[in-house]
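Work through the exercises below with the model open. Try each task before reading its solution.

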Amino acid sequence: MDTLALTGLVLLAVAVLLVLVLLVRLHAFVALLLTSLLVALLGGIPPERVADVLREGMGGTLGYIAVVIGLGAMIGELLQHSGGTARIARSLLDRFGERRAPWALALTGFLVAIPVFFDVALILLLPLVYSLAHRTGRSLLYYALPLAAGIAVAHSFVPPTPGPVAVAGLLGADLGWVVLFGVLVGLPATVLGGIVFGRWMAARLHVPVPAHLFDEATDETRPLPSFLQALSVILVPLALILMGTAAGAFLPEDHALRPPLRLLGHPFTALVLGTLLACYLLGVRLGYPMRTVQQITSKALEPVGLILLVTGAGGVLSRVLVETGVGQALAEQLAASRLPLVVLAFGIALAARVAQGSATVSMVTAAGLIAPVVQTGTYSQPLLALTTLAIAAGATACSHVNDSGFWLVSRYLDLSEADTLRVWTVLETILGVSGLIVVLLLSLLI
């Protein structure tokens with residue numbers, strides 16, 4: 001097939017995928033597999049080879065991603081169940097003071113959402129927001145938007161949350177670079193969206209604390225971990241991953257420390273050690289028997305299965321596109337258009353986000369389409385990490401009525417649909433666009 005036909009095949013794949021998800025209402029996992037099958041047959045892959053290509057795409061993707069997402073979910077569940085999230089939030093609020101509470105809430109959301117899923121982190125921490133707004137009489141948005149921004153940014157930009165892990169796996173990006181750039185990209189976006197826009201919006205829209213959701217009663221009987229204990233289970237794995245990346249980037253090949261540091265910094269090793277640390281500090285040390293710790297970590301894996309299947313199906317689509325030669329065709333089109341890779345990645349993810357809603361599915365879809373382009377070129381690990389974050393930024397912007405997060409925020413802040421569009425959709429768009437701007441600036445330096 002010539003370049004024009006292969007480019008048309010990509011557009012057809014996107015159109016079929018959107019029809020199956022939006023109109024037919026098929027689950028994204030099934031829709032991705034059906035689209036992959038159709039593209040494989042139309043792209044000239046021999047029928048007897050199609051099943052092998054699908055299997056290779058699924059296995060090659062999940063062999064890495066499943067371990068990282070599974071271990072990250074265990075750490076998050078232990079942090080949630082032990083009250084570690086509440087300890088981090090209360091400690092930061094005490095240190096920052098009520099006047100700088102929005103900054104404390106933004107930082108809390110950013111830290112807590114690294115291992116904890118978006119909806120869980122938001123629901124867990126909103127009672128603190130209710131309490132602050134109730135005491136001060138300020139608009140609920142003054143405190144809620146910084147928290148929501150921190151959670152949304154970490155959920156999209158910083159591994160081991162599923163989205164960036166899935167994209168990094170599909171693109172072959174080193175997680176250490178993704179973590180480093182994710183923090184550099186995410187923090188300015190959090191400040192601009194959560195603090196600046198949050199204050200501006202709170203001054204124009206007074207949202208009272210929803211009486212039917214606010215309850216000042218708290219459970220003080222259960223011992224909580226210390227602030228350092230709770231924070232260490234988040235930061236230790238990230239520090240190990242960054243250390244491994246630094247060893248690979250700056251130590252010579254024959255340096256004696258390079259192999260052990262690379263091993264310790266591999267995401268598998270770092271997250272296994274982080275999980276063991278969490279089991280001890282947030283479980284055994286607090287008096288939980290190992291049987292309870294085992295039940296907590298097992299529960300963490302229940303919601304992971306769906307994410308892994310969708311991610312694996314995205315890997316299948318990527319593999320099919322490589323086999324049909326679409327990667328080379330897209331690479332040629334990209335070179336001819338002179339469009340930066342990160343801008344292309346952002347645009348595809350944004351289109352998927354607007355069309356079907358889910359940030360994670362949008363990221364997987366965009367990564368599946370970009371991966372063939374990446375595999376045909378010689379891109380550095382830092383640029384692959386920035387491409388990962390460009391996809392994350394595109395999949396963050398423009399959340400609206402087809403996104404479950406839109407309705408979660410609407411319900412827990414007691415906002416009308418119109419006000420949720422003014423508040424949440426604009427906030428998410430600020431996070432996504434500002435993230436892209438920082439990615440572009442960083443891409444000029446590498």
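## Exercises on the fold

The model is predicted. Of the contacts in the protein between residues at least 6 apart in sequence, 82% join residues at least 24 apart.

**Exercise 1.** State the secondary structure of the protein and decide whether its radius of gyration agrees with or departs from that of a compact globule.

*Solution.* 
- Start with the elements: there are 20 helices and zero strands.
- Take the chain length next: for 446 residues, a compact globule would have a radius of gyration near 22 Å.
- Compare: the protein has 22 Å, so the value agrees.

**Exercise 2.** Describe the burial, surface and charge of the protein.

*Solution.* 
- Burial: 55% of the 446 residues are buried.
- Surface: the accessible area is about 18200 Å², and carbon and sulfur atoms hold 66% of that.
- Charge: there are 23 positive and 23 negative side chains. The centres of the two sets are 8 Å apart.

**Exercise 3.** Check the span of helix α18 against expectation, then follow the chain past its end.

*Solution.* 
- α18 covers residues 381–396, which is 16 residues.
- From first C-alpha to last, α18 reaches 23 Å, close to the 22 Å expected at 1.5 Å a residue.
- Cover: 14 of the 16 residues of α18 are buried.
- After α18 comes Cys398, with a positive phi near 60°. Cys398 sits in the loop between α18 and α19 (404–412).

**Exercise 4.** Classify Cys398, Asp414 and Leu41 as buried, partly exposed or exposed.

*Solution.* 
- Apply the cut-offs: buried is under 20% relative accessible area, exposed is over 50%, and partly exposed is in between.
- Cys398 has 24% relative accessibility, so Cys398 is partly exposed.
- Asp414 has 46%, so Asp414 is partly exposed.
- Leu41 has 48%, so Leu41 is partly exposed.
- Leu41 is 27 residues from Val14 in sequence and 16 Å from Val14 in space, C-alpha to C-alpha.

**Exercise 5.** Locate the backbone features at Pro160 and Asp414.

*Solution.* 
- Pro159 and Pro160 are joined by a cis peptide bond, with omega about 10°.
- Pro160 falls in the loop between α7 (140–157) and α8 (162–171).
- Asp414 is not a glycine, yet its phi is positive, about 55°.
- Asp414 belongs to the loop between α19 and α20 (417–443).

Terms used: Residues numbered from 1 in each chain as written. Predicted model: local features only at pLDDT ≥ 70, side-chain atom pairs only at ≥ 80, totals over all residues. Heavy atoms only, no water. Helix = DSSP H or I, 4+ residues; strand = E, 2+ residues; numbered from the N terminus. Expected span 1.5 Å × (residues − 1). Buried < 20%, exposed > 50% of the residue type's maximum accessible area, 1.4 Å probe, protein only. Rg over C-alpha atoms; globule rule 2.2 N^0.38 Å. Contact = heavy atoms within 4.5 Å. Areas by Shrake-Rupley, 256 points an atom, 1.4 Å probe, with all protein chains shown as cover. Lys, Arg positive; Asp, Glu negative; His and termini not counted. Charge placed at Lys NZ, Arg CZ, Asp CG, Glu CD.
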